[in-house]
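Trainee: I have a model open and want to work through it with you. Can we take it step by step, from the overall fold down to single side chains?

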Amino acid sequence: MCRHAAARHHGDAGRGAARQSADSGRARNAAARAADRAAAIGATWLAARARGVEAVALRDLGEIPLAEAAIAEAERLDRESGNRSAAAYHLMTRGIILGSY
């Protein structure tokens with residue numbers, strides 16, 4: 001690969017990372033809004049799913065403490081509503097989030 005092609009290649013990688021970060025930021029914001037709206041109308045199942053999506057997006061953004069808080073909320077919501085399977089899934093996701101710290 002010539003020097004100019006290599007420079008273009010590295011520039012593409014930087015733009016890709018920026019695009020992924022922007023996508024994760026949009027996903028985080030959309031999930032947070034969805035969770036808040038679901039909680040406001042008492043849709044616990046939906047609020048828990050949205051907090052889980054928010055947690056993964058926050059992890060992708062490198063916001064590990066916020067990601068842990070979001071996944072803990074998702075787990076709590078499912079545990080309190082009796083959805084033990086989903087609560088266990090969130091607990092597993094929490095381990096993955098903490099493992100990336």
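Trainee: Which pattern does the protein follow, read along the sequence?

Mentor: Keep in mind that this is a predicted model. The secondary structure comes to four helices and zero strands. Read along the sequence, the pattern is α-α-α-α.

Trainee: What share of the residues in the protein is buried?

Mentor: Buried here means under 20% relative accessible area. The protein has 101 residues. The buried share of them is 29%.

Trainee: Among contacts between residues at least 6 apart in sequence, what percentage joins residues at least 24 apart?

Mentor: A contact needs heavy atoms within 4.5 Å. Take the contacts between residues at least 6 apart in sequence. Those joining residues at least 24 apart come to 47%.

Trainee: Leaving aside neighbours within four places in sequence, which residues is I97 in contact with?

Mentor: I97 belongs to that core. Neighbours within four places in sequence are left aside. The partners of I97 are then A55, R59, I64, A67, E68 and I71.

Trainee: Is I96 buried, partly exposed or exposed?

Mentor: I96 sits in helix 4 (residues 84–99). Together with Y89 and M92, I96 makes a nonpolar surface patch of about 330 Å². The relative accessibility of I96 is 45%, so it counts as partly exposed.

Trainee: How many salt bridges does a search of the whole structure find?

Mentor: Side chains of opposite charge can pair when their charged atoms come close. Over the whole structure, the search finds 10.

Trainee: How many residues apart are D36 and R51?

Mentor: Their side chains meet in a salt bridge, at 2.6 Å from N to O. D36 is in helix 1 and R51 in helix 2. The pair links distant parts of the chain, and the separation is 15 residues.

Trainee: Is R51 buried or exposed?

Mentor: Compare the two ends of that bridge with the cut-offs. D36 has 45% relative accessibility, so D36 counts as partly exposed. R51 has 16%, so R51 counts as buried.

Trainee: Which residues are linked with E54 in a network of salt bridges?

Mentor: E54 lies in helix 2. At 6% relative accessibility, E54 counts as buried. The side chain of E54 makes a polar contact with the side chain of R51, at 2.7 Å. The network joins E54 to R28, D36 and R51.

Trainee: Beyond its neighbours within four places in sequence, which residues is E54 in contact with?

Mentor: Neighbours within four places in sequence are set aside. The contacts left for E54 are R28, A31, A32 and A70.

Trainee: How far apart in sequence are the parts that R94 and E68 tie together?

Mentor: The side chains of R94 and E68 meet in a salt bridge, at 3.8 Å from N to O. R94 lies in helix 4 and E68 in helix 3, so the parts tied together are 26 residues apart in sequence.

Trainee: By about how many helical turns are E73 and R76 separated?

Mentor: E73 forms a salt bridge with R76, and the closest N and O atoms are 2.7 Å apart. E73 is partly exposed, with a relative accessible area of 27%. R76 is partly exposed at 28%. They are three residues apart in helix 3, so the separation is about one helical turn.

Trainee: How far apart in space are R37 and A47, C-alpha to C-alpha?

Mentor: R37 is in helix 1 (residues 3–40). At 60% relative accessibility, R37 counts as exposed. R37 and A47 are 10 residues apart in sequence. Their C-alpha to C-alpha distance is 7.8 Å.

How values were computed:
Residues numbered from 1 in each chain as written. Predicted model: local features only at pLDDT ≥ 70, side-chain atom pairs only at ≥ 80, totals over all residues. Heavy atoms only, no water. Core = buried A, V, L, I, M, F, W, Y, C linked by side-chain atoms within 4.5 Å. Buried < 20%, exposed > 50% of the residue type's maximum accessible area, 1.4 Å probe, protein only. Patch = residues over 30% accessible without salt bridge, like charges linked within 9 Å, V, L, I, M, F, W, Y side chains within 5 Å. Areas by Shrake-Rupley, 256 points an atom, 1.4 Å probe, with all protein chains shown as cover. Salt bridge = Lys/Arg side-chain N within 4 Å of Asp/Glu carboxyl O. Helix = DSSP H or I, 4+ residues; strand = E, 2+ residues; numbered from the N terminus. Polar contact = N/O pair within 3.5 Å; in protein donor to acceptor, adjacent residues only side chain to side chain.
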